[in-house]
Amino acid sequence: AVVSTQSTGALVACDIIPHLLHMTTIKEYPQVQVEGWLAIQKILQMQGNTQLISSNIVKFCEDCLPDDTNPNVRILALSILRLFSPHLSKEDELEKVSEHLNRLALSESDVPAQLLASQIKQSPPFN
């Protein structure tokens, strides 16, 4: 059987994503959180097909948005949400993400997050 590199990559990505998502929750080690998000972002950019793994990652991104302990994590979560936003179709996902984006777009304490949230709000499916 011939297995394409892309399908092998998708299998590896599906296996490793849960471990990377766990890394993003370790608040005691902010750098580990950042590394987890960077690795997820890299996989998504290489993969191209975000629909395979999106709902789980979107949930983790949502959980990071109200957390003020690590601004870098919030920016990475917003960047990943921007990759996913065209694929968000579940009404509850859209509503939750939209609430977070609205709150962050008004936040003057974290200007980079404010700018990115405003950009995402102006793109589909939020606009």
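Two exercises on a predicted model follow, each with a worked solution. Local features need pLDDT of at least 70 and side-chain atom pairs count only at pLDDT 80 or more, while totals for chains, interfaces and linings use all residues. Residues are numbered from 1 along each chain as its sequence is written, and side-chain values use heavy atoms, with hydrogens and water left out.

**Exercise 1.** Determine which residues glutamate 62 touches, and where the nearest side chain of opposite charge lies.

Solution. 
- Glutamate 62 sits in helix α3, residues 54–64 (a helix is a DSSP run of H or I, at least four residues, numbered from the N terminus).
- Glutamate 62 is buried (under 20% relative accessible area, 1.4 Å probe, protein chains only).
- Leaving aside residues up to four places away in sequence, glutamate 62 touches Glu93, Lys96, Val97 and His100 (contact: heavy atoms within 4.5 Å).
- The nearest side chain of opposite charge is lysine 96, 4.5 Å away, and glutamate 62 has no salt bridge (a side-chain nitrogen of Lys or Arg within 4 Å of a carboxyl oxygen of Asp or Glu).

**Exercise 2.** Classify how α4 and α5 are each oriented to α6.

Solution. 
- Helix α4 (residues 71–84) packs against α6 at about 10°, the axes 10 Å apart (axes are lines fitted to C-alpha atoms over the stretch in contact; angles run from 0 to 180 degrees between N-to-C directions).
- α4 and α6 are therefore roughly parallel (under 35 degrees).
- Among the residues making this contact are Ile75 and Leu78 of α4 and Leu116 of α6.
- The axes of α5 (residues 91–106) and α6 (residues 111–121) come within 7 Å and cross at roughly 135°.

Technical notes
Helices (H or I, at least four residues) and strands (E, at least two) are DSSP runs, numbered from the N terminus. Buried means under 20% relative accessible area, exposed over 50%, partly exposed in between (1.4 Å probe, protein chains only). Lys and Arg count as positive and Asp and Glu as negative; His and the chain ends are not counted. Angles under 35 degrees count as roughly parallel, over 145 as roughly antiparallel, 65 to 115 as roughly perpendicular and the rest as oblique.
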